Amino acid sequence: MQPTADFDPADLARSLLRRSRQGALATLMAGTGDPYCSLVNLASHPDGSPILLISRLALHTKNILADSRVSLMLDERAEGDPLEGARIMLAGRAEEVAEAEQELVRRRYLGAHPSAEAFVEFKDFSFFAIRPSGAHLVAGFGRIVDLKPAQFLTDLGGAEALLEAEAGAVAHMNEDHREAMNLYAMRLLGAESADWLCTGCDPEGMDMQAGRNTLRLDFPERVSNGTELRKMLVRLAGEARAKG
């Protein structure tokens with residue numbers, strides 16, 4: 001099927017990747033190749049790819065270590081019939097996160113799942129990232145699309161300064177600008193007032209969370225460093241206040 005004219009599949013795919021906190025992970029059973037599916041928690045890398053924190057004692061991790069091919073199903077958890085909501089199936093490989101990225105993915109994952117602090121230091125737990133080779137998006141009649149990674153992942157080229165500034169920016173927003181976070185949620189995204197927190201920033205937007213609810217604030221223009229990020233957040237705060 002082809003998408004209808006008012007439907008942007010890449011935007012929806014990116015939103016689902018950024019907002020999802022749980023998914024169904026399919027792996028191949030070591031030795032037999034039989035399919036195996038399990039429920040996992042996840043967060044997103046700055047490029048949008050899923051991050052998992054999984055135990056080597058778990059069957060799905062043993063399967064990944066034997067054959068890294070996986071698929072991951074995410075859905076928007078719409079009320080009513082879940083088949084009426086959008087969902088995306090990622091295909092790709094699960095790879096253990098390199099030492100150079102451990103601090104980044106740990107911070108992002110714990111921002112999305114604070115309760116993981118209780119076991120993140122356990123020796124059997126490790127961070128894995130899913131490197132997608134493609135995606136299949138289903139968002140209703142006439143809205144079934146296959147996507148390539150370049151269509152739904154965020155290009156981080158030239159944004160090294162932003163990634164370096166991200167941890168400080170997230171802490172600053174959560175410590176000093178909770179009112180602005182609530183304004184973004186209510187007036188720019190149409191959400192209810194809540195204790196919204198920033199869980200991550202990237203060149204294309206900011207991720208927000210309040211309990212189990214998640215939001216994605218897309219930026220009207222790409223940002224590549226801390227100064228541009230600050231100016232963008234000030235600008236959006238002004239736009240939110242003007243809507244009051």
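Student: Hi! Which residues line the largest cavity?
Tutor: Hello! In this predicted model, the lining of the largest cavity is made by Arg-18, Arg-21, Ala-43, Ser-44, Arg-108, Ala-112, Thr-199, Gly-200 and Asp-207.

Student: And which elements give two or more residues to that lining?
Tutor: Those are β3 (43-44), α3 (102-112) and β9 (197-202).

Student: How does the cavity lining divide into nonpolar, polar and charged?
Tutor: There are two nonpolar, three polar and four charged residues around the largest cavity.

Student: How much space lies in there?
Tutor: About 50 Å³ for the largest cavity. The count of cavities of 30 Å³ or more comes to one.

Student: OK, switching to pockets. How much space is in the largest pocket?
Tutor: The largest pocket holds about 630 Å³.

Student: Which residues lie nearest its centre?
Tutor: Of the 21 residues in the lining of the largest pocket, Arg-19, Arg-21, Arg-212, Asn-213 and Thr-214 lie nearest the centre. Arg-21 is also one of the residues that line the largest cavity.

Student: Which element gives the most to the lining of the largest pocket?
Tutor: That is α1, with three residues. Both α1 (9-19) and β11 (213-218) supply at least two residues each.

Student: And by class, what does the lining of the largest pocket have?
Tutor: It has five nonpolar, ten polar and six charged residues.

Student: What volume does the second largest pocket have?
Tutor: Its volume is about 250 Å³. There are 15 residues lining the second largest pocket, and His-172, Met-173, His-177, Arg-230 and Leu-233 are the closest to its centre.

Student: Where do those lining residues come from, in terms of elements?
Tutor: Two or more residues come from each of α5 (160-176), α6 (178-188) and α7 (226-242). The largest share is from α7, which provides seven residues.

Student: How do they divide by class?
Tutor: For the second largest pocket, the lining comprises nine nonpolar, four polar and two charged residues.

Student: One more thing: where does Ser-20 lie?
Tutor: Ser-20 sits in the loop between α1 and β1 (22-28).

Student: Does Ser-20 count as buried or exposed, and why?
Tutor: Ser-20 counts as buried because its relative accessibility is 6%, and the cut-off for buried is under 20%.

Student: What does Ser-20 touch, leaving out residues up to four places away in sequence?
Tutor: Ser-20 touches Leu-42, Leu-74 and Asp-75 on that basis.

Student: Which backbone oxygen lies 2.6 Å from a polar atom of the Ser-20 side chain?
Tutor: The one belonging to Leu-16.

Definitions and conventions: Residues numbered from 1 in each chain as written. Predicted model: local features only at pLDDT ≥ 70, side-chain atom pairs only at ≥ 80, totals over all residues. Heavy atoms only, no water. 1 Å grid on protein atoms, 1.4 Å probe; cavity = no way out; pocket = protein on both sides within 12 Å on 5 of 7 lines; lining within 4 Å. Points joined across faces, edges and corners; volume = space filled by probe spheres on them. Helix = DSSP H or I, 4+ residues; strand = E, 2+ residues; numbered from the N terminus. Nonpolar A, V, L, I, M, F, W, Y, C, P; charged D, E, K, R; others polar. Buried < 20%, exposed > 50% of the residue type's maximum accessible area, 1.4 Å probe, protein only. Polar contact = N/O pair within 3.5 Å; in protein donor to acceptor, adjacent residues only side chain to side chain. Contact = heavy atoms within 4.5 Å.
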